[in-house]
Amino acid sequence: MPGLVFIVAADRAPPSPGAYALWLQLPAPLTVKAGTRVGALEPGDYLYCGSANGPRGLRARLARHMRRDKRAHWHVDQLTMAGDVLGAFIVEGGSECALNAALGAFPFPLPGFGSSDCPRCVSHLRLFPANAQLPSEWENARKATRFSPLPGRERAAEPN
């Protein structure tokens, strides 16, 4: 995926339109809603694909997602308010559906989550299983930021 970059801080994102895959970690089980569907998410890592086409683009959208203190507006707010955002894979001018498709090997924990306005995708939320590997381009982008996993998969060692 050309132009894929991994960031751990929103101020590293460009203020231009694009797509992102937010890497989230839930420390405890969480019951979430997506329209009329309700699902239980287990503790672990998740990737949520979204787009940022409004004013200040990716920087503004990711700054919102990376804050805990906010009013819930989107499906993903349930996760960002309960879990930890480890970072985001971003593509300027990219498509959230293309990012989601690149994660095709990862399961959907709740159909309809984040994709109620998308006619192509089952969900924009993917479970990132503990034994799974990121696609190679994604892993290369992650490594380029010196994002160092600790035991289990965890935190950024240094901001990029």
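Two residues are in contact when heavy atoms of one lie within 4.5 Å of heavy atoms of the other. That idea runs through this report. The model described here is predicted.

Start with Leu 125. It lies in strand 7, which covers residues 125-128. Its relative accessible area is 0%, so Leu 125 counts as buried. Neighbours within four places in sequence are set aside here; beyond them, Leu 125 is in contact with Leu 41, Tyr 46, Leu 47, Tyr 48, Leu 79, Pro 107, Phe 108, Pro 109 and Phe 113. Pro 135 is ten residues from Leu 125 in sequence, and their C-alpha atoms are 16 Å apart.

Leu 41 is one of the residues that Leu 125 touches. Leu 41 sits in strand 4, residues 37-41. It is buried too, because its relative accessibility is 2% and the cut-off for buried is under 20%. Which residues does Leu 41 touch, not counting those up to four places away in sequence? They are Leu 26, Ala 28, Pro 29, Leu 30, Val 32, Tyr 46, Leu 79, Pro 109 and Leu 125. Arg 146 is another matter: it is 105 residues from Leu 41 along the chain, and the two C-alpha atoms are separated by 29 Å.

**The whole chain**

Now step back. The chain holds four helices and seven strands. Along the sequence they follow the pattern β-β-β-β-β-α-α-β-α-β-α. The C-alpha atoms fill a box of roughly 40 × 40 × 30 Å along the principal axes. Is the radius of gyration in agreement or disagreement with that of a compact globule? For 160 residues, such a globule would have a value near 15 Å; the chain has 14 Å, which agrees.

Buried residues make up 47% of the 160 residues. Take the contacts with a separation of 6 or more: residues 24 or more positions apart account for 69% of them. The chain exposes about 7800 Å², and carbon and sulfur atoms supply 54% of that area. As for charge, there are 18 positive and 13 negative charges, and their mean positions are 4 Å apart.

**Around strand 6**

Gly 83 is in the loop between helix 2 (77-82) and strand 6. At 3% relative accessibility, Gly 83 is buried. Leaving aside neighbours within four places in sequence, its contacts are Gln 25, Leu 26, Pro 27 and Arg 68. Pro 17 is 66 residues from Gly 83 in sequence and 25 Å from it in space, C-alpha to C-alpha.

Asp 84 belongs to strand 6, residues 84-92. Is Asp 84 buried or partly exposed? Its relative accessible area is 21%, so it counts as partly exposed. The cut-off for buried is under 20%. Asp 84 and Gln 25 are 59 residues apart along the chain, yet their C-alpha atoms are separated by 5.1 Å. The side chain of Asp 84 also makes a polar contact with the side chain of Arg 68.

**Polar side chains at work**

Ser 16 is in the loop between strand 1 (5-7) and strand 2 (18-26). With a relative accessible area of 18%, Ser 16 is buried. Its side chain makes a polar contact with the side chain of Glu 92. Beyond neighbours within four places in sequence, Ser 16 is in contact with Ala 52, Arg 56, Gly 57, Leu 58 and Glu 92.

Arg 56 lies in the loop between strand 5 (44-52) and helix 1. At 53% relative accessibility, Arg 56 is exposed. Most residues other than glycine have a negative phi. Arg 56 has a positive phi, near 65°.

Arg 64 is in helix 1, residues 57-65. It is buried, with a relative accessible area of 16%. Its side chain reaches the backbone oxygen of Arg 71. Apart from neighbours within four places in sequence, Arg 64 is in contact with Lys 70, Arg 71, His 73, Trp 74 and Asp 77.

| Side chain of | Partner | Distance |
|---|---|---|
| Ser 16 | Glu 92, side chain | 2.6 Å |
| Asp 84 | Arg 68, side chain | 2.7 Å |

Methods: Residues are numbered from 1 along each chain as its sequence is written. This is a predicted model: local features need pLDDT of at least 70, side-chain atom pairs count only at pLDDT 80 or more; totals for chains, interfaces and linings use all residues. Side-chain values use heavy atoms; hydrogens and water are left out. Helices (H or I, at least four residues) and strands (E, at least two) are DSSP runs, numbered from the N terminus. The radius of gyration is taken over C-alpha atoms; the globule rule is 2.2 Å times the number of residues to the power 0.38. Buried means under 20% relative accessible area, exposed over 50%, partly exposed in between (1.4 Å probe, protein chains only). Accessible areas come from the Shrake-Rupley method with a 1.4 Å probe; for residues, only the protein chains shown count as cover. Lys and Arg count as positive and Asp and Glu as negative; His and the chain ends are not counted. The place of a charge is taken as NZ of Lys, CZ of Arg, CG of Asp or CD of Glu. A polar contact is a pair of N or O atoms within 3.5 Å; within protein, one must be able to donate a hydrogen and the other to accept it, and residues adjacent in sequence count only if both atoms are side-chain atoms.
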